[in-house]
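Please read them with the model open.

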Amino acid sequence: MMKYLTALSLVLAAPAAAEPVVVTAAHMVDVASGRLLDDPVVLIGEDGRVASLVTRGGARPVLPADAKRVDLGDATILPGLIDMHVHLTALAEIGGYRNLEYTDSFWGAVGVANAKKTLEAGFTTVRNVGAQDFQDVGLRQAIDGGYVPGPRIVAAGWAIGATGGHCDNGGFPPSMEKPSPAVVDSPEAARAKVRWLHKYGARVVKICATGGVFSIGDSVGAQQLSLPEMKAIAEEAHMLGLKVAAHAHGNEGIRTAIEAGIDTIEHASLADDATIALAAKSKTWFDMDIYNDDYILETGEKNGTLPENLAKEKMIGRLQRETFRKAVKAGVPMLFGTDGGVYPHGDNGRQFAKMVEWGMTPAQAIRAATLSAAEALGQTADVGALTPGHYGDLIAVHGNPLADVRLLEKVAFVMKGGKVEKPLQ
């Protein structure tokens with residue numbers, strides 16, 4: 001039976017056969033050097049991976065006679081973008097207790113629409129850090145099988161948290177007790193939960209190290225998992241070849257997660273100077289969602305967000321952005337993660353301008369969503385660049401995003417694995 005299931009999973013994940021594709025454009029952003037190069041010619045093979053790349057001055061390759069030609073004219077191409085923190089099966093427009101108006105399967109259905117919006121916004125790979133009922137695993141299988149359009153998904157499934165914590169189901173009386181299946185209250189339980197998540201398709205582990213903005217009845221900065229619990233999760237995940245992401249707003253939780261060997265710190269809102277220095281020294285990634293504060297405060301009440309949660313956001317939003325600036329200046333390795341689902345899906349690109357406003361150059365912000373994200377995923381051979389061997393995932397914009405990073409808010413063309421997902425507009 002297991003042999004049959006393994007074979008079936010390989011069939012579902014297998015990319016569809018494709019013809020060779022040659023993509024030409026006026027310019028290309030070299031994300032490694034942060035320079036604009038002219039006259040790129042990208043050859044993508046039948047396997048959906050880049051076979052060759054040349055720019056002006058390079059020897060022109062011999063192109064297959066049967067290759068499909070995609071000429072993007074005066075546009076500028078980049079590798080497909082990577083968002084390291086999304087929730088595809090969530091909707092910002094439905095907040096607070098309003099989500100109880102919808103049946104459980106509703107969220108998987110809207111995930112299909114959100115995946116398409118995200119892909120068409122230029123994000124060809126995402127890390128989905130938390131979804132109930134393994135909905136993100138199912139969505140990944142549907143996308144990989146060619147049944148629905150969407151980005152490549154690194155799925156976490158359920159997020160691990162403590163009883164009564166940010167990743168538990170709070171806000172209800174004891175008579176309605178329904179704890180999250182991923183609640184743990186000891187190192188031993190934490191190890192077992194990592195194995196359970198991996199068994200059912202998680203390819204990254206997400207933990208809730210501190211309280212959060214949208215949980216009910218907890219302090220946004222209070223630590224919720226102990227050092228032994230975090231260490232157990234990190235050790236077990238790394239043994240299985242998985243990375244670990246820690247939701248962590250408060251300084252104590254951030255520092256403990258770094259000491260435990262967690263790979264990426266999500267939000268990192270209240271990290272103090274000593275913790276920032278520790279992150280820089282240990283080369284622990286910070287993945288900070290500094291765009292969505294504007295949306296939450298502007299529309300939260302209309303969307304049903306509870307006053308308690310809006311108060312938390314008012315307290316933490318500005319502080320998080322100031323922490324971001326300090327972290328960039330201190331040399332902390334930074335990622336591009338938006339918390340898509342806390343604001344409308346498809347608007348991911350709006351964060352680039354915020355990253356530049358708060359201390360990055362456009363080249364650094366773009367690198368955070370390409371090369372750096374690929375490194376943090378452990379997928380530098382597959383995504384984040386357009387050099388030979390990488391997937392033929394690329395986007396195009398009209399103009400130079402190194403001069404105006406807001407161009408990435410309106411991606412004009414999207415290709416994934418050599419297949420056009422959004423024609424040039």
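The points below go from basis to rings, then to charges over rings, then to the arginine.

1. Basis. This is a predicted model: local features need pLDDT of at least 70, side-chain atom pairs count only at pLDDT 80 or more, and totals for chains, interfaces and linings use all residues. Residues are numbered from 1 along each chain as its sequence is written, and side-chain values use heavy atoms, with hydrogens and water left out.

2. Aromatic pairs. Rings of Phe, Tyr and Trp (its six-membered ring) pair if their centres lie within 6.5 Å; planes under 30 degrees apart are stacked, over 60 edge-to-face, and the rest tilted.

3. Tyrosine 97 with phenylalanine 172. This aromatic pair is edge-to-face, at 5.9 Å centre to centre and 70° between the planes. The pair links distant parts of the chain, 75 residues apart. Tyrosine 97 is in the loop between β8 (81–86) and α2 (106–120); phenylalanine 172 is in the loop between β10 (152–155) and α4 (187–199). Helices (H or I, at least four residues) and strands (E, at least two) are DSSP runs, numbered from the N terminus. Tyrosine 97 is partly exposed at 37% relative accessible area. Phenylalanine 172 is partly exposed too, at 34%. The cut-offs: buried is under 20%, exposed over 50%, partly exposed in between (1.4 Å probe, protein chains only).

4. Phenylalanine 134 with tryptophan 196. The ring centres are 5.3 Å apart and the planes meet at 65°, so the pair is edge-to-face. The pair again links distant parts of the chain, 62 residues apart: phenylalanine 134 is in the loop between β9 (123–128) and α3 (135–144), tryptophan 196 in helix α4. Phenylalanine 134 is buried at 15%. Tryptophan 196 is partly exposed at 27%.

5. Cluster. Tyr102, Phe106 and Trp107 form one aromatic cluster.

6. Charges over rings. Lysine 193 lies over the face of tryptophan 196, 4.9 Å from the ring centre. The charged end of arginine 49 sits over the ring of tyrosine 391, 4.0 Å from its centre. The test is NZ of Lys or CZ of Arg within 6 Å of the ring centre and within 35 degrees of the ring normal.

7. Arginine 127. Is arginine 127 buried or exposed? Arginine 127 counts as buried, at 1% relative accessibility. Arginine 127 lies in strand β9. Its contacts (heavy atoms within 4.5 Å), leaving aside neighbours within four places in sequence, include Asp83, His85, Glu266, Asp287 and Leu377.
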